[in-house]
Amino acid sequence: MAKTFPGLTLLVGPEDVLIDMAIADIMAKVRQQHPGALKTEIAIGGDVDSGALAQALAPTLFGDVGVVVITAGEALDDAGVQMLTLAAAEVDPVNMCVVVHAGAAKGKKALTALRALSPPEISCAAMRKGRDTMSFMGSVMRRHDRRASTEALQVLYDAIGHDPRALAAAISQLCADVEVDPINEDAVRQYFAGVADVAGYQVADAVWERRVSDALGDVRWLSAVSGKASVGPAVTAAMASGLRVVVGVQGMPQGMSNDAVAQQVGMPAWKVRTAQAQARKWLPERLAAATVALAGLDVAMKGGLRGKSADPDQKAYALEKFVITTVGGGK
Amino acid sequence: MSVWDQIIGQPEAVHTFTRAVAAATNPRDPGPAMTHAWLVTGPPGSGRSTLAAAFAAALQCPAGGCGACTVCRTTQGGGHPDVEIIRADTLSYGADDARHLISRSSVIPTSGRWQVVIIEDSDRFTSEAVNVLLKVLEEPPQHLVWVLCAPSQEDVLPTIRSRTRSVQLRTPTTSEVSQALQDRYEIDPAMAAFAARASQGHIGRARALATDEGARIRRQEVLRSPATLRDLAACFVAAGDLLSAATEDAQSISTELDASETADIRQAYGEGAQGLPSSKTNRLANSALKAAEKTQKSRRTRLIRDQVDRALVDLIAYYRDVLILQTGAAIPLINDEMRAQIQREASSADLPDTILRWEAIESARAMVAANGALPLVLEALMVELKDPRINQRT
């Protein structure tokens, strides 16, 4: 029986979930022709050397077809590369070798040597936040033969955060549970709610819009999700730059047009509108007091006046106190 | 002529050091007036490092500090092989730097009689670095003299204080500074008097004010800012202006320092020497220049912080003047040229408010020292200067 697959395939990149998906694809393809194909996985490094590799690559007694997945391909030595070169050169390979390589500087020599054989290569590059991940989510949907609206994917992304594996798992759950097609925003909201990642500027927006409970929720969420250490000067810096915008807009003469204000403070008009809405919620005097309190908070975040690094709990407390006493209360 | 001529208004300290130099003629058996570790303390600009350098020169000079020979001149210029001057140009000095310093300082003097190590900003040493230095401070090799400088005794650890002999400098009087400006930099008496008064005894600052018109204008702007605080937006503008004035002051100091350092490094690696192609000297000097750039960058950061602090001291002097007019005390104003504005401020505000404003500036200085975000600290300060009771009412 003809074995119609290449002897060697490269998976280059560190993104685990993409690697798993690629391996699953390869197995599916091989098993279409050879339903009994076995998967052997060996991780190079430690005790596993080229000897173990040779063993894995050896044909079985009964001539079974197999897929040998070699993880941690960065640790391949010359002998290993040599063996894989031979395997790749076989016209009618018994085994298909899949080498997983992180693609970084480590083990570059092995990667270059293997690439020289021009095997098929699948990129598993690290997924960037934002659009990259959104298109990944789309492709996971297609795997399940389902479609979803962009808004639905955005809601899901916001709820789960940047964790490709968790996103893939959530999509597979959604595809199993949701009947409507394409999957819409409401369906996603039924299963996933809330926000996973909170950025400093989101806290800042909530603070200057005087949404006290939102701000407090964001602060708590920030320290729960990203760790207490994330409550620090970055948050006060975001609030300070938000404050400057509000003060700048508030200081503009009454009746000045939006565009004129935008030009004066050097911001796009939509941002001016947001800032004006924020400015209306503050009497100048309260905003002035907030400025003083914020400067004190910033120093507290940096360990206080005596420069002793305050513990994370104290910092979180100082931040919450600022939100409640300064942002809450009357206009 | 002698090395002590350059010291402005410190007769007591000069007396202590001349006695030490006289007792130190025999390094193997110095008299009791000499010791191996000194702590020179005094307010910024009082001339701590100049005094330390003069002492080093006097120790090395065969004539006890003639001020004219090569030894005196190279020492005071920072070029004497047996005098190590440590400037903590970076934000702080760590234990590794201290270890490095110990190994360098323990060599036998090559040409002079003593090996002198001057540390200009001992307060910028981390406590780990100080602990590394303790042993060698206590029992240095026979030929080694330490001269530590710091703003006050409280700025160094007690373990350092107890191992050093203290020399305290005082703030030079206005007339002493003014006289020195006239004698040394040939500045006309009126300008010298103004610069001495405005700098409040800070000699380096007095020189900058007397010689650099930009520095004078920036100081003027900072002092005018209390009168501009009409509303919240104006406070933020004033804060931004103060920060950019301080940044410019810092730049005018650092560009001068950076340029001379860079030139020194290039020369050390053979620039301009015969028979060396410039491509080669460039390559040789490159890594040293890169390292220097890094320290220069952190020095710029520190200088901006220092200059903000200095601007805040100017503002304190302004409110001091307001207070003087409010209480009717018969003391000359520091900012006499702004009497009109100060008079307006004095009659429109009441005395407790002036004191609250003064306190607000002091607390802003503490926040600057605690690494607070400069724009934010200044914005908060301007808000409090506009309305010193803001915290009581809200």
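Reader: How many salt bridges are there over all chains?

Author: The search of the whole structure gives 32, a salt bridge being a side-chain nitrogen of Lys or Arg within 4 Å of a carboxyl oxygen of Asp or Glu. This is a predicted model, in which local features need pLDDT of at least 70, side-chain atom pairs count only at pLDDT 80 or more, and totals for chains, interfaces and linings use all residues. Side-chain values use heavy atoms, with hydrogens and water left out, residues are numbered from 1 along each chain as its sequence is written, and chains are lettered from A and ligands numbered from 1 in the order in which they are written.

Reader: What does R165(A) form a salt bridge with?

Author: The partner is D20(A), and the closest N and O atoms are 3.0 Å apart. R165(A) sits in helix α7 (residues 164-177) of chain A and D20(A) in helix α1 (residues 16-33) of chain A, so the bridge ties together parts that are 145 residues apart in sequence. Helices here are DSSP runs (H or I, at least four residues), numbered from the N terminus.

Reader: Switching to chain B. At what angle do α11(B) and α12(B) pack?

Author: About 150 degrees, for α11 (residues 232-268) and α12 (residues 278-327) of chain B, with the axes 7 Å apart. Axes are lines fitted to C-alpha atoms over the stretch in contact, and angles run from 0 to 180 degrees between N-to-C directions. α11(B) and α12(B) are therefore roughly antiparallel to each other, a label for angles over 145 degrees.

Reader: Which residues make up that contact of α11(B) with α12(B), by class?

Author: They divide into 16 nonpolar, six polar and seven charged. Ala, Val, Leu, Ile, Met, Phe, Trp, Tyr, Cys and Pro count as nonpolar, Asp, Glu, Lys and Arg as charged, and the others, Gly among them, as polar.

Reader: How do α10(B) and α12(B) pack?

Author: At about 55 degrees, with axes 10 Å apart. That makes α10(B) oblique to α12(B).

Reader: And what lines the largest cavity?

Author: R218(B), R219(B), V222(B), A245(B), A246(B), D249(B), Q307(B), R310(B) and A311(B). A cavity is a set of points on a 1 Å grid over the protein atoms alone where a 1.4 Å probe fits but cannot get out, and lining residues have an atom within 4 Å of a point. α10 (213-224), α11 and α12 of chain B each supply at least two of the lining residues.

Reader: How much space lies in it?

Author: The largest cavity holds about 40 Å³, and the count is one cavity of 30 Å³ or more.

Note on methods: Angles under 35 degrees count as roughly parallel, over 145 as roughly antiparallel, 65 to 115 as roughly perpendicular and the rest as oblique. On a 1 Å grid over the protein atoms alone, a cavity is a set of points where a 1.4 Å probe fits but cannot get out, and a pocket is an open set with protein on both sides within 12 Å along at least five of seven lines; lining residues have an atom within 4 Å of a point. Grid points are joined across faces, edges and corners, and a volume is the space filled by probe spheres set on the points.
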